[in-house]
Amino acid sequence: MANVAVIGAQWGDEGKGKVVDWLASRADIVVRFQGGHNAGHTLVVGNQTYKLSLLPSGVVRGKLGIIGNGVVLDPQALLDEIARVGAQGLAVTPENLRIAENVPLILPLHPALDKAREAARGEHRIGTTGRGIGPAYEDKVARRAIRLCDLAEPEVLSEKLDELLLHHNTLLKGLGAETFEKQALLDGLLALAPKLLPFAEPVWERLATARAEGRRVLFEGAQAVMLDVDHGTYPYVTSSNTVAGNAAAGAGIGPNAIGFVLGIAKAYATRVGSGPFPTELHDAIGKRLGERGREFGTVTGRPRRCGWFDAALVRQAVKVGGVQGLVLTKLDVLDGLDELKVCTGYRIGGQVMNRLPAGRAAQAAAEPVYETMPGWQESTMGARSWADLPAAAVKYVKRIEELVEAPVVLLSTSPERDDTIVVSDPFAG
């Protein structure tokens, strides 16, 4: 049986939570390998709705969850999330959650800098969540990050805070924001140490053992390929690599252990925050998609921008993300529309391209080239087999397969875990 990596194939919010939850029943271990608490997964299990930002989705299904070294971890956000799901009856302990000892931490100064820089950008703001993700990744690359293992070494922690504050307080002062005192940060981290260190371990060793034993591992990505810091719509992207290749570096395993790569895409398109969105709809149909799809960010609560399915963009995500099979979610949101449109390319300055260019001005100027297809009036809500779908819906899915050059292996027709049409099991390899 193969391992599976799950990544978003659009701009995030594609319904990865439900898919990972569904796959977790077939896995032994679920690993988060990048991002932070700027990502959100909503899981509907019976009469309970879990909103997760840091916890790997597998813990809801009683599986071992791992937070890999590729994540940037806000200690207080994690503890708050553990308390929140605990109040719902889900106990998270070192028995079912392990955290890479070398994971970098998000400190209070990181969101402060994040928000101060966004405010300084004015109308050119990127649209970050303001949770300090970018500044924390910057510190990691600059080799001044505070890591989880540092909480076990107070003297080292104190020295590293000196370097960190020299950098951050200079920036904060220049932006007219409040600066931070070392002692308050040091005391806060030392107070968190006994709560966090029991979860810490060299998770690469656990994953190596799991692989040797033939255990199935599910790698859970956050955000999506078009928000990848290298391959996305830069600079309106996240601060980590969201493609499946990063599962290796972000978890501490070899690239040959990633297994089958599953890309998640909605049957339409959404985006949160700023940045280009060629198929965005500002009309009644766009409003309808948002209302029927309940398109509000899990983390931020911001309304999502909605538009037609962009096959050119998803095809690009399939290529750079290494996607071998696609999950199409929220097909039921399209019920009742007389006709549907699918973007097959872009017109830029009189030239038609089948990919979104890298340049920011060219991306902003991209006009979608559409193919129109008939809609359907029948309900697809809760369908669990192809036979339950109207012919026009089947035709729509098959056309998407052709355009994105990847097979649809799973089709989701409601938020409920079992309302899923299974074409093939990704764990079968």
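## Basis of the model

The structure is a predicted model, in which local features need pLDDT of at least 70 and side-chain atom pairs count only at pLDDT 80 or more, while totals for chains, interfaces and linings use all residues. Residues are numbered from 1 along each chain as its sequence is written, and side-chain values use heavy atoms, with hydrogens and water left out.

## Overall build

The protein contains twelve helices and 18 strands, where helices (H or I, at least four residues) and strands (E, at least two) are DSSP runs numbered from the N terminus. Its radius of gyration is 22 Å, close to the 22 Å that the globule rule gives for 429 residues, so the protein is as compact as a globular protein of that length; the radius is taken over C-alpha atoms, and the rule is 2.2 Å times the number of residues to the power 0.38. The C-alpha trace spans about 65 × 50 × 40 Å along the principal axes.

Of the 429 residues, 57% are buried, a term that means under 20% relative accessible area, with exposed meaning over 50% and partly exposed in between (1.4 Å probe, protein chains only). Among contacts (heavy atoms within 4.5 Å) with a separation of 6 or more, 76% are between residues 24 or more positions apart.

## The ten-strand sheet

Ten strands form an open sheet of mixed pairing, in the order β7-β6-β5-β2-β8-β1-β9-β13-β17-β18; two strands are taken to pair if DSSP finds at least two bridges between them. The edges are held by β7 (200-201) and β18 (420-422), each with a single partner strand, so one side of each is left without a neighbour in the sheet.

Strand β8 (residues 217-220) points Val217 and Phe219 one way and Leu218 and Glu220 the other, and all of these residues are buried. In a regular strand the side chains alternate between the two faces of the sheet. Strand β1 (residues 4-8) runs parallel to β8 and is joined to it by three bridges, with Ala5 opposite Phe219. Strand β2 (residues 29-32) also pairs with β8 in the parallel sense, over four bridges, and here Arg32 stands opposite Glu220. Elsewhere in the sheet, five bridges link β9 (residues 260-266) and β13 (residues 325-329) in the parallel sense, and Lys266 has Thr329 as its bridge partner in β13.

## The partners of strand β14

Strand β14 (residues 339-348) pairs in the parallel sense with β12 (residues 309-310) over two bridges, and Asp310 stands opposite Cys343 in β14. With β16 (residues 367-374), β14 runs antiparallel and is joined by eight bridges; Glu339 lies opposite Pro374 of β16.

A further antiparallel pairing, of three bridges, joins β14 to β15 (residues 351-353), and Arg347 has Val352 as its bridge partner in β15. Two residues lie between the strands in the hairpin of β14 and β15, where Gly349 takes a positive phi near 60 degrees.

## Glu401 in helix α12

Helix α12 (residues 391-404) includes Glu401, which at 17% relative accessibility counts as buried. Leaving aside neighbours within four places in sequence, Glu401 is in contact with Ala406, Pro407 and Val408.
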